[in-house]
Amino acid sequence: MENQVLTPHVYWAQRHRELYLRVELSDVQSLTLLLRLECSNMIIAHCSLELLGLSSPPGSASRVGLQNPAISITENVLHFKAQGHGAKGDNVYEFHLEFLDLVKPEPFYKLTQRQVNITVQKKVSQWWERLTKQEKRPLFLAPDFDRWLDESDAEMELRAKEEERLNKLRLESEGSPETLTNLRKGYLFMYNLVQFLGFSWIFVNLTVRFCILGKESFYDTFHTVADMMYFCQMLAVVETINAAIGVTTSPVLPSLIQLLGRNFILFIIFGTMEEMQNKAVVFFVFYLWSAIEIFRYSFYMLTCIDMDWKVLTWLRYTLWIPLYPLGCLAEAISVIQSIPIFNETGRFSFTLPYPVKIKVRFSFFLQIYLIMIFLGLYINFRHLYKQRRRRYGQKKKKIH
């Protein structure tokens, strides 16, 4: 009766150009070590036999040629065979995988004490819907969630690497990379520091006033902190410019949506209507904005000097979950409260020229803007959720 073929647990992930296989097999000795051990054993055995006047056993030389692990790709099929410690103890384990599409026939592997890591290059850079040609996934094969990305995340990673490569080439052509990198970090550190101090002043001011005056502090919030909020929000233009010209790797769209949305509320809804400046909603809008930003800018500030404070990192990637929707809700309430005021004053309303002569009220655009607030919430929420998922490696739904 033939011995049962033992298969190790294999985990896989992919990028557009590469496939990654992680074979759960420990204590796999390299070829060099095996050859040394085999040769040493053969020499000892050969010397012992000569002393006894006997010849070497047949086939002893051929064992020197054994490879461990034996990994090869023939006809687009990966062949693996190795001696190691797996689920069935110390045995010989093997498996074969026929890839979905063409790959290069030279696999690269690296041995660690606990596993064998194999990298296979795709012949064509593209995303595969699965690993194997057969639709049914082999029982020993599973996704490697430590390295797993979906296609959109992989494209973002690819773009980030390409941007990093282009930035590196540009820096090399313009001057010393180290000097320019330090200048960039210093510039970003100062920008984030100024924003952190500005929003911290607003947050502390509103908190102290609320503790002393209670609800009465709601109604003069604008006159108390508006100048600092104007400064911080005008300075936030720099953040969008940084993303647009490649100083930072942040996407332009989420930054632009936040900049335009907040400045519209600040300069148009609050800034041009004195009736809105005494509303309690101003307190909640300013308080939620500053609560979000003091953690965001302090996190970015420490990142510029390569510091990672785990508590701050968790707060930066978690507090936005309740605060960001609440901030958007407060903005929406401020828009709703301003609609009757704009209708009464007629500010920013206009009449279309002859022969139409239809009066277009500014409140019509405010109603459209209400829809845009929640559309922007969806876009930015999705972006922030992806950032959090990448940071903490949340496992996705299993895909073979």
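Start by selecting Thr74 and Val77: Thr74 stands opposite Val77, a residue of strand E4. (Helices, H or I with at least four residues, and strands, E with at least two, are DSSP runs numbered from the N terminus.) What you see is a predicted model, where local features need pLDDT of at least 70, side-chain atom pairs count only at pLDDT 80 or more, and totals for chains, interfaces and linings use all residues. Residues are numbered from 1 along each chain as its sequence is written, and side-chain values use heavy atoms, with hydrogens and water left out.

Now widen the selection to E3 and E4, residues 77-86. E3 and E4 pair in the antiparallel sense over 5 bridges; two strands pair if DSSP finds at least two bridges between them.

Is Glu75 buried or exposed? Glu75 is exposed, with a relative accessible area of 78%, while Asn76 is buried at 15%. (Buried means under 20% relative accessible area, exposed over 50%, and partly exposed in between, with a 1.4 Å probe and protein chains only.) Glu75 also has a positive phi of about 55°, although it is not a glycine. From Asn76, show Asp101 too: a polar atom of the Asn76 side chain lies 2.8 Å from the backbone oxygen of Asp101.

Move on to helix H4 (residues 221-235) and pick His223. His223 counts as exposed, at 54% relative accessibility. Select Gln277 as well: His223 and Gln277 are 54 residues apart in sequence and 7.6 Å apart in space, C-alpha to C-alpha.

Then find Phe348, in the loop between helix H10 (320-345) and E9. Phe348 is partly exposed, with a relative accessible area of 38%, and has a positive phi of about 70° although it is not a glycine.

For the last stop, select Phe350, Leu352, Val356, Ile358, Phe364, Phe365, Ile368 and Met372, which make a nonpolar surface patch of about 700 Å². Which helix gives the most to the nonpolar patch? Helix H11 (residues 362-392) does, with 4 residues. Ile358 sits in the loop between strand E9 (350-351) and strand E10 (359-360), and counts as partly exposed at 47% relative accessibility.

Notes:
Patches are made of residues with over 30% relative accessible area and no salt bridge: like charges are joined within 9 Å, nonpolar side chains (Val, Leu, Ile, Met, Phe, Trp, Tyr) within 5 Å. Accessible areas come from the Shrake-Rupley method with a 1.4 Å probe; for residues, only the protein chains shown count as cover. A salt bridge is a side-chain nitrogen of Lys or Arg within 4 Å of a carboxyl oxygen of Asp or Glu. A polar contact is a pair of N or O atoms within 3.5 Å; within protein, one must be able to donate a hydrogen and the other to accept it, and residues adjacent in sequence count only if both atoms are side-chain atoms.
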